[in-house]
Amino acid sequence: MKISCQTTALSDLRGFLKESLKDFRLSEIDQLQITLAVEEVCANLIIHSHKCNALDYIVLNIKQNPGKLIFEITDEGKAFNMLDYEVPDLNKVKGEKRKGGLGIILVKKIMDEIEFESSEGKNTCRLIKWFQS
């Protein structure tokens, strides 16, 4: 799926994921959690890396390997490696009453593996979820 870098495209992303995930042996909770994680990564890219520039886009590919689903998100924006992201102290976030900083925590809790690579201006984030086949 090619996603325009505007937040309005996120509803199309949710629809695409809902349709794509229904063919896999995943519980409804797993489907919703995966959707949340993929949407969070895409939203961060759209907002922070691409500054909601409708001329930019990101690409989502879903691959199935034995026992796992791979959500490959590719873009050519400013690289953000969530593996290097230091999780903030939740008490500090709560005390400061700030709204950001929690999405990546959720992504890391929901997905079983996360891979990131950046080469020649192309960034790829792979979110991997294991499942029973």
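These points describe the fold, the sheet, the helix packing and the core of a predicted model.

1. Basis. The model is predicted, so to speak of local features a pLDDT of at least 70 is needed, side-chain atom pairs count only at pLDDT 80 or more, and totals for chains, interfaces and linings use all residues. Residues are numbered from 1 along each chain as its sequence is written, and side-chain values use heavy atoms, with hydrogens and water left out.

2. Overall fold. The protein has 4 helices and 5 strands, in the order β-α-α-β-β-α-α-β-β along the sequence. Helices (H or I, at least four residues) and strands (E, at least two) are DSSP runs, numbered from the N terminus. Of the 133 residues, 39% are buried; buried means under 20% relative accessible area, exposed over 50%, and partly exposed in between, with a 1.4 Å probe and protein chains only. Among contacts (heavy atoms within 4.5 Å) between residues at least 6 apart in sequence, 64% join residues at least 24 apart.

3. The sheet. The 5 strands form an open sheet ordered β1-β2-β3-β5-β4, with antiparallel pairing. Two strands are taken to pair if DSSP finds at least two bridges between them. β1 and β4 stand at the edges with a single partner strand each, so one side of each has no neighbour in the sheet. On average, neighbouring strands are turned by 20° against each other, direction ignored. Axes here are lines fitted to C-alpha atoms, for helices over the stretch in contact, and angles run from 0 to 180 degrees between N-to-C directions.

4. Strand pairs at the β1 side. Strand β1 (residues 2-4) pairs with β2 over 3 bridges, in the antiparallel sense, and I3 stands opposite I58 in β2. β2 in turn pairs with β3 over 7 bridges, also antiparallel; here I62 stands opposite F71 in β3. These two strands, β2 and β3, form a hairpin with 2 residues between them, and G67 in the turn has a positive phi of about 80°.

5. Strand pairs at the β4 side. β3 is joined to β5 by 8 bridges, and the two run antiparallel. L69 stands opposite K129 in β5. Strand β4 (residues 113-119) is joined to β5 by 7 bridges, again antiparallel, with S118 opposite N123 in β5. β4 and β5 form a hairpin with 2 residues between them, in whose turn E120 has a positive phi of about 50°.

6. Helix α2. This helix has 22 residues and reaches 31 Å from its first C-alpha to its last, close to the 32 Å expected at 1.5 Å a residue; the expected span is 1.5 Å times one less than the number of residues. Just after α2, K51 takes a positive phi of about 50°. α2 lies across β1, β2, β3 and β5, and runs at about 10° to β3.

7. The α1/α2 pair. α1 and α2 pack at an angle of about 150°, their axes 10 Å apart. Which residues of α1 and α2 meet? From α1 they are L10, L13, R14, L17 and L21, and from α2 they are Q31, I34, T35, V38, E39, C42, A43 and I46. The crossing is right-handed: a crossing is right-handed if the near helix is turned clockwise from the far one by less than a right angle, and left-handed if anticlockwise.

8. The core. The largest nonpolar core has 29 residues, and V38, F71 and L127 have the most contacts inside it. Such a core is a set of buried Ala, Val, Leu, Ile, Met, Phe, Trp, Tyr and Cys residues joined through side-chain atoms within 4.5 Å. Two or more residues come from each of α1 (10-21), α2 (28-49), β2 (57-65), β3 (68-75), α4 (103-110) and β5 (122-130). The largest share, 8 residues, comes from α2. Neighbours within four places in sequence aside, V38 is in contact with L13, L17, L60, F71, I73 and L127.

9. D112. This residue lies in the loop between α4 and β4. D112 counts as partly exposed because its relative accessibility is 33%. Not counting residues up to four places away in sequence, D112 touches I128, K129 and W130. The C-alpha atoms of D112 and W130 are separated by 6.6 Å, although the two residues are 18 apart along the chain.
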